[in-house]
Amino acid sequence: MAAAVEAPAVPQAAPAVKPPQMFTFRIWRGDHGGGEYRDYQIQVDEGMVVLDVIHRLQATQANDLAVRWNCKAGKCGSCSAEINGKPRLMCMTRMDLFQPGQTITVSPIKTFPVIRDLVTDVSFNFERAKEVPAFKPKPPDPDGRRRMYQEDIDRVQEFHKCIECFLCQNVCHVIRDHEDNKRSYAGPRFFVRLASLEMHPLDTNDRRALIRERMGLGLCNITKCCTEVCPEHIHITDNAIIPLKERVADRRWDPVRAVTKRLTGRR
């Protein structure tokens, strides 16, 4: 019998590339003394993200445009901005989210002072970070090892995904709308950091008084706006802030603890 002859494979046509589209970018230009929005007409190619467009504008129309960025992969947290009023990472905001011809407004995050154009001074966060007591592990077991349950590890694992983009800080109305609160309120990024330490099964530091008195946890009214803008999808409110509130309340207002303190004289 004659062997069956396979039909030659028909080459598939490459997918059609969308033609470039024109957009209007309205970008805030200025410094700490003031500024204004300026419009730029720019051609956008398929697959570009907002940060790509900003770079094209720097190269072609606005060579002095200041913007902070580093990895362009959504992992360094440097390129935070407000795009059409919503806090986002520029490198993770695809241009196909917008309609051709649409005006796209890009402005610096509003909670922190402007240095120039899209660059803000976020040093508030670095100073606050210095106030968080470091991890202090308990002594090892008699065999020299330290043991943890897997569920305890899983509980804090998501907190370590934070890339410090400070979008949660930017959208938190406690410091966004009330500059004076920065003296007594650390913000959601540091509640995530404190939760990762307080809930760690091997940590022995007690930070509850610090959280209540100097970090201002009580000012948070759990609107969940921080959770909504987190690019790493950390459940900031449900998994960090609310459990911290419960821990602080247990220490300060637990009636059994209050009776024990009175009987023993221990604080």
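Colleague: How many helices and strands does the chain have?

Modeller: This is a predicted model. In it, the chain has ten helices and seven strands.

Colleague: And how many of the residues are buried?

Modeller: Of the 267 residues in the chain, 39% are buried. The accessible surface amounts to about 15800 Å², and carbon and sulfur atoms contribute 51% of that.

Colleague: What share of the contacts comes from residues 24 or more positions apart?

Modeller: Counting contacts with a separation of 6 or more, 62% are between residues 24 or more positions apart.

Colleague: What does M90 touch, then?

Modeller: Leaving aside residues up to four places away in sequence, M90 touches V49, V50, L51, I54, V67, C79, A81, I83, V106 and L118.

Colleague: Returning to α6, is it mostly covered or mostly uncovered?

Modeller: Helix α6, residues 188–198, is mostly covered, with ten of its eleven residues buried. Among them are P188, R189, F190, F191 and E198.

Colleague: Now the strands. How does β1 run relative to β5, parallel or antiparallel?

Modeller: Strand β1 (residues 21–31) and strand β5 (residues 103–107) run parallel and are joined by four bridges. Within that pairing, F25 stands opposite I104 of β5.

Colleague: In which sense do β3 and β5 pair?

Modeller: Strand β3, residues 80–83, pairs with β5 in the antiparallel sense, over two bridges. E82 has S107 in β5 as its bridge partner.

Colleague: A change of topic: where is N221 found?

Modeller: N221 lies in the loop between α7 (208–213) and α8 (225–229).

Colleague: Why is N221 classed as partly exposed, rather than buried or exposed?

Modeller: The relative accessible area of N221 is 43%, so the residue is partly exposed; buried would require under 20%, and exposed over 50%.

Colleague: Which side chain does N221 meet in a polar contact?

Modeller: The side chain of N221 is joined to that of H173 by a polar contact of 3.2 Å. Along the chain the two residues are 48 residues apart, and their C-alpha atoms are separated by 9.9 Å.

Technical notes
Residues are numbered from 1 along each chain as its sequence is written. This is a predicted model: local features need pLDDT of at least 70, side-chain atom pairs count only at pLDDT 80 or more; totals for chains, interfaces and linings use all residues. Side-chain values use heavy atoms; hydrogens and water are left out. Buried means under 20% relative accessible area, exposed over 50%, partly exposed in between (1.4 Å probe, protein chains only). Contact means heavy atoms within 4.5 Å. A polar contact is a pair of N or O atoms within 3.5 Å; within protein, one must be able to donate a hydrogen and the other to accept it, and residues adjacent in sequence count only if both atoms are side-chain atoms. Two strands pair if DSSP finds at least two bridges between them. Accessible areas come from the Shrake-Rupley method with a 1.4 Å probe; for residues, only the protein chains shown count as cover.
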